[in-house]
Amino acid sequence: MASIGQQITGALRGSCQKPGFRKQCQTMLRLGAGAGASQRRSMSDVVTGDFSTLVKEVEKIQAAPGINFESLKLAQHARAIPVSPSYFSRQAQFNDAYILLQKLSRDYANLPRIPTSEVQRVTWTNLDDIRLILGEPVKASDYAKCIRLVKDLHAIHPKLKPKAVDQALEPFRKSIQGFDNVAKTGTLDKFGRAVGTGKRKSSVARAWVVEGTGEFLVNGKTLANAFGRVHDRENAMWALQATNRVDKYNVWAVVEGGGTTGQAEALTLAVAKGLMVHEPALKPALRRAGCVTRDPRKVERKKAGKVKARKSPTWVKR
């Protein structure tokens, strides 16, 4: 097998046999007076047919070694890829949370759910708070879809619920859970009295309830002297009348502020609270009678340009 030098010599001699090739080299020698000595020598060798010098120079050329791509630290992708999948499309924070909930709902669709009546009650963040916390104009329809996923994931059996689900649901929980609040239980003092406080409009009432014969004093006065209207007297004693305990407890009350109607209805709530300390089982009956819930209604304030809160001045044409 011919060596690399013999192959190169044969190729050059074949090129020299072409018509006009030597003549072109002679012309280049005449015109290339300013060329370097090595370039003129190479062209003269081609004209004379002596290729030994060229072959020696070509044989000195060696192929580059192979490239080891594993040892090279290739550059990362030039374009920065956002972490959020909704960076260029929508509000990043809410939509990322929604996408995560969708993924979890698909991944854990086969986990058993417990009935709605047995699910732990949780107060979820409402739409206005979500908008305020995230600073994004979240649509009501998107929020409704998200909350449906939240409630579905929350219904997973507690023993089988993954930690990833709890972490995804945590941002939607309110910081203060109303369902975790426990009502304070009143106690009796050393004299066997239970105290209750009630409010209505601008009136505040405090009532001390103790077992007795049915005596009722308001600011040191009897019920007839404290309230002139029969309706106000009935309101003050309504908690005792609704539970048939009029002759079993004595009540001493102190009321301040407001008028007689407000004071009488404030006494209803105060007496009911004191009565529940003595007999907690009466709470359902008192609730049905409307004695447990505080009435939040108040007189609406007068507005500028109005005669009263809403009444406008009489319109006169001329």
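Okay, let's start with aspartate 232: leaving aside neighbours within four places in sequence, it is in contact (heavy atoms within 4.5 Å) with Phe227, Thr260, Thr261 and Ala264. Before I go on, this is a predicted model, so local features need pLDDT of at least 70, side-chain atom pairs count only at pLDDT 80 or more, and totals for chains, interfaces and linings use all residues. Residues are numbered from 1 along each chain as its sequence is written, and side-chain values use heavy atoms, with hydrogens and water left out.

Back to aspartate 232, which is found in helix α10, residues 230-236. Buried or exposed? At 1% relative accessibility, aspartate 232 counts as buried; that label means under 20% relative accessible area, with exposed over 50% and partly exposed in between, using a 1.4 Å probe and protein chains only.

Now the overall picture. The protein chain has 13 helices and 5 strands; these are DSSP runs numbered from the N terminus, helices being H or I with at least four residues and strands E with at least two. Buried residues make up 30% of the 318 residues in the chain.

On to α5, residues 92-107. This helix has 16 residues and reaches 22 Å from its first C-alpha to its last, close to the 22 Å expected at 1.5 Å a residue, where the expected span is 1.5 Å times one less than the number of residues. Phe94, Asn95, Tyr98, Leu101, Leu104 and Ser105 of α5 are buried, and what covers them includes α6, α7 and α8.

How do α5 and α7 pack? The angle is about 40 degrees, with the axes 10 Å apart; axes are lines fitted to C-alpha atoms, for helices over the stretch in contact, and angles run from 0 to 180 degrees between N-to-C directions. The two helices are therefore oblique to each other, as angles under 35 degrees count as roughly parallel, over 145 as roughly antiparallel, 65 to 115 as roughly perpendicular and the rest as oblique. On the α5 side, the contact includes Phe94, Tyr98 and Leu101, and on the α7 side, Tyr143, Cys146 and Leu149 are among the residues involved.

Last stop, valine 292, in the segment after α13. Valine 292 is buried too, with a relative accessible area of 17%. Its contacts, not counting residues up to four places away in sequence, are Leu269, Met276, Lys283, Leu286 and Arg287. Valine 292 and alanine 272 sit 20 residues apart in sequence and 6.6 Å apart in space, C-alpha to C-alpha.
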